[in-house]
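Hello,

Here is the structure I promised to pass on. Please open it alongside this note, and my findings follow below.

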Amino acid sequence: VKIMKLQMSHIKELLSKVRAKYAATPFTEDQLISQTNPLTQFNDWFRTALKCDQITEANAACLSTSTPEGRPSSRMLLIKDVDERGFAFFTNYESRKGQELKKNPQASLLFFWPVFHRQVRVEGNVYKMTEEESTEYFQSRPFSSQVSASVSAQSHEISSRHELEKMHNELEAKSLDKKVLPKPIEWGGFILNPIVYEFWQGQSNRLHDRLVYTKQVDNTWTLKRLAP
């Protein structure tokens, strides 16, 4: 117990010294690409992140889902498309996130680009892509990734990594003459259709900028600023 307390005390001391200085200037409403179309603003920040050599996966985002009872879960994933419909990602529908979205089709995404001290939070309703769209994307993936998705019962318990690798290698060996695999029926895409966007720009004095777009019943967007 004494050793644990010393370790925790040391961690607390280290954390007290973690304080980054942000080089950003205040982010004001007049700097927005559009005050009525948050997708336009997102695309502007997204393109900046995609072009930055210091960011290896600008499309990485934290997806948060929850059970109908409100128990949340979060995980990092890669967004594969962004358009007027929303944000597209792919998964096994039998995974934890797939099952939670089936029972409670509401979620949020969080993009974090620390190089620019920027975050974008997106909330919305989630629905499945068509089978045709999911199949097209699945068969465009690297062949080894198709094999992995075909043998992995995502989020379900397995006996060992060796078992998983064995299934992968066996299917890969049997499929060497094929260019693509059939998409597993339990695998496919989701689209998060946004109803809220929050653009966050960090500031060294902690007076961070938070600009929020909220979708109205007539499909227009309102803009407001929140205190940090």
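What volume does the largest pocket have? About 500 Å³. Bear in mind that this is a predicted model.

**Pocket**

The lining of the largest pocket counts 23 residues. Nearest its centre lie Phe90, Arg141, Ala149, Gln154 and Trp187. Four elements each supply at least two lining residues: strands S2 (72–78) and S4 (86–92), and helices H5 (143–151) and H6 (161–174).

**Cavity**

The structure also holds one cavity of 30 Å³ or more. The volume of the largest cavity is about 30 Å³. Its lining is made by Asp81, Val82, Asp83, Arg85, Gly86, Phe87, Ala88, Met129 and Ile191. Strand S3 (81–83) and S4 are the elements that give two or more residues to this lining.

**Strands S1 and S2**

Strand S1 (residues 60–66) runs antiparallel to S2, and seven bridges pair them. Ser66 sits opposite Pro72 in S2. The two strands form a hairpin with five residues between them. In that turn, Gly70 has a positive phi of about 95°.

Strand S5 (residues 106–113) and strand S6 (residues 118–128) are antiparallel, joined by eight bridges. Gln106 has Asn125 as its bridge partner in S6. This hairpin has four residues between the strands, and His117 takes a positive phi near 55°. S6 also pairs with strand S7 (residues 187–201), again in the antiparallel sense, over eleven bridges. There, Glu123 stands opposite Val196 in S7.

**Surface patch**

Which residues make the nonpolar surface patch of about 300 Å²? They are Ile11, Leu15 and Val18. Ile11 belongs to helix H1 (residues 2–16). Is Ile11 buried, exposed or partly exposed? Ile11 has a relative accessible area of 40%, so it counts as partly exposed.

Best wishes

Methods: Residues are numbered from 1 along each chain as its sequence is written. This is a predicted model: local features need pLDDT of at least 70, side-chain atom pairs count only at pLDDT 80 or more; totals for chains, interfaces and linings use all residues. Side-chain values use heavy atoms; hydrogens and water are left out. Patches are made of residues with over 30% relative accessible area and no salt bridge: like charges are joined within 9 Å, nonpolar side chains (Val, Leu, Ile, Met, Phe, Trp, Tyr) within 5 Å. Accessible areas come from the Shrake-Rupley method with a 1.4 Å probe; for residues, only the protein chains shown count as cover. A salt bridge is a side-chain nitrogen of Lys or Arg within 4 Å of a carboxyl oxygen of Asp or Glu. Buried means under 20% relative accessible area, exposed over 50%, partly exposed in between (1.4 Å probe, protein chains only). Two strands pair if DSSP finds at least two bridges between them. On a 1 Å grid over the protein atoms alone, a cavity is a set of points where a 1.4 Å probe fits but cannot get out, and a pocket is an open set with protein on both sides within 12 Å along at least five of seven lines; lining residues have an atom within 4 Å of a point. Grid points are joined across faces, edges and corners, and a volume is the space filled by probe spheres set on the points.
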